Amino acid sequence: MKPITNHLISKTVAVLIALASFDAQCGTLGVYTSDQKGFDTHTFWYDDGKEVTLIDTQFVPQLTEAMVQQVKSSTASPITRVIVTHANPDKYNGLAYLHKLGVESITSAAVSREMPVVHAYKENYWVNVAKMFKPGTYPAFENVKKTFIGQTTISLQSGETLSLFELKSRRDQ
């Protein structure tokens with residue numbers, strides 16, 4: 001098996017918020033940070049005034065739920081999508097919870113392909129090696145619903161756009 005860390009870094013999705021609105025005002029950028037049990041994971045969120053886009057989830061569904069509650073207490077805009085930046089469980093283990101809320105999810109096709117591989121590796125580590133989870137209690141895997149290759153642009157309800165770019169590794173160039 002390839003070293004997971006190098007492969008993860010090479011397939012990271014770069015997220016760039018390109019404000020293409022004619023309106024002089026832009027939205028609000030926020031962050032939720034878990035505690036040490038959640039690896040101090042950051043979930044960034046962007047509220048354009050009409051909808052919220054999350055950038056990454058949390059390590060466990062309970063922390064994703066806490067993040068959603070924080071976002072909801074900060075804005076009246078609904079959470080409509082989550083962008084997964086790379087294939088590490090603290091970035092996608094909350095997808096099942098978000099999908100149940102009707103939130104769309106997106107990442108690059110390369111990251112999506114790596115997610116089940118990384119999930120199996122990490123589940124084995126956290127259950128059988130680190131013993132931090134009992135068998136059957138590690139978060140269930142759920143992949144993103146939409147993927148892209150290279151780059152894509154998402155039009156927000158406000159008229160602004162989000163541009164997502166897949167970063168290539170040296171071996172891909």
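Q: What do the buried residues of helix 2 pack against?
A: They pack against strand 2 (28-33), strand 3 (42-47), strand 4 (52-55), strand 5 (79-83) and helix 4 (95-100), where contact means heavy atoms within 4.5 Å. Buried means under 20% relative accessible area, exposed over 50%, and partly exposed in between, with a 1.4 Å probe and protein chains only. Helices (H or I, at least four residues) and strands (E, at least two) are DSSP runs, numbered from the N terminus.

Q: And what kind of model is this?
A: This is a predicted model, in which local features need pLDDT of at least 70 and side-chain atom pairs count only at pLDDT 80 or more, while totals for chains, interfaces and linings use all residues. Residues are numbered from 1 along each chain as its sequence is written, and side-chain values use heavy atoms, with hydrogens and water left out.

Q: Back to helix 2, then: which residues are buried there?
A: Leu63, Thr64, Met67, Val68 and Val71 are buried in helix 2. Seen down the helix axis, the buried residues fall within an arc of 145°, so they line one face of helix 2; the arc is that of the directions from the helix axis to the C-beta atoms.

Q: What does the face turned away from the buried side carry?
A: That face of helix 2 carries Gln62, Lys72 and Ser73, which are exposed.

Q: New topic: how many salt bridges does the structure hold?
A: The structure holds three salt bridges, each being a side-chain nitrogen of Lys or Arg within 4 Å of a carboxyl oxygen of Asp or Glu. One of them joins Glu51 to Arg81, with the closest N and O atoms 3.4 Å apart. This pair links distant parts of the chain, since Glu51 is in the loop between strand 3 and strand 4 and Arg81 is in strand 5, 30 residues apart.

Q: Are Glu51 and Arg81 buried or exposed?
A: Glu51 is buried, and Arg81 is buried too.

Q: Which side chain does Lys145 meet in a salt bridge?
A: The side chain of Lys145 meets that of Glu142, at 3.7 Å from N to O. Lys145 is exposed, with a relative accessible area of 59%, whereas Glu142 is partly exposed, at 24%.

Q: And what about Asp90?
A: Asp90 and Lys91 meet through their side chains in a salt bridge, 3.6 Å from N to O. Asp90 counts as buried at 11% relative accessibility, and Lys91 is buried with a relative accessible area of 11%.
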